[in-house]
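Here is a structure to be read with some care. The questions that follow ask on what grounds each description rests.

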Amino acid sequence: ELMANLALVLFEQKNLPESKKIYLQLQNSSNVQVTVESLSHLGIISCIDGDTAAAINYFENALKKDYKHQSARYNLELLKKVFNKKTKQFQ
């Protein structure tokens with residue numbers, strides 16, 4: 001949990017590369033809540049980095065672990081709407 005707190009502090013300080021390194025290590029934690037939060041933050045970082053496919057994957061994996069996680073659900077639905085809009089523009 002201490003590492004999760006450090007990752008969150010780094011995330012809030014906009015030090016995304018260092019935050020991502022820690023979240024990647026924590027995504028397989030034995031603590032389900034730490035895993036879910038890590039996956040959700042990895043999704044947000046992927047969005048910021050412009051990697052929509054990875055972001056969707058992280059949010060979906062977070063929801064597989066905890067289908068009630070509101071942040072992951074909200075971000076996934078929002079991302080899918082934006083992604084679908086962009087896809088329709090190219091067709």
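Q: What pLDDT does the protein chain average, and what share of the residues score at least 70?
A: The model is a predicted one, and its protein chain averages a pLDDT of 91, with 92% of the residues scoring at least 70. Confidence is highest in helix H2, at a mean of 97, and lowest in helix H5 (residues 70–90), at a mean of 81.

Q: How do you know that H2 and H3 are in contact, and which residues make the contact?
A: The axes of helix H2 (residues 16–26) and H3 come within 9 Å and cross at roughly 145°, and the crossing is left-handed. Contact requires heavy atoms within 4.5 Å; Leu-16, Ser-19, Lys-20, Tyr-23, Leu-24 and Leu-26 of H2 make it with Val-34, Thr-35, Ser-38, His-41, Leu-42, Ile-45, Ile-48 and Asp-49 of H3.

Q: What makes a residue part of the lining of the largest pocket, and which residues line it?
A: A lining residue has an atom within 4 Å of a point of the pocket, and Glu-1, Ala-4, Asn-5, Leu-8, Tyr-23, Gln-33, Val-34, Glu-37, Ser-38 and His-41 line the largest pocket. Helix H1 (2–12) and helix H3 (32–49) are the elements that give two or more residues to this lining, and H3 supplies the largest share, 5 residues.

Q: How much space lies in the largest pocket?
A: About 150 Å³ lies in the largest pocket, and the residues of its lining divide into 4 nonpolar, 4 polar and 2 charged.

Key: Residues numbered from 1 in each chain as written. Predicted model: local features only at pLDDT ≥ 70, side-chain atom pairs only at ≥ 80, totals over all residues. Heavy atoms only, no water. 1 Å grid on protein atoms, 1.4 Å probe; cavity = no way out; pocket = protein on both sides within 12 Å on 5 of 7 lines; lining within 4 Å. Points joined across faces, edges and corners; volume = space filled by probe spheres on them. Helix = DSSP H or I, 4+ residues; strand = E, 2+ residues; numbered from the N terminus. Nonpolar A, V, L, I, M, F, W, Y, C, P; charged D, E, K, R; others polar. Axes fitted to C-alpha atoms, helices over the stretch in contact; angles between N-to-C directions. Left-handed = near helix turned anticlockwise from the far one by under 90°. pLDDT = per-residue confidence, 0-100.
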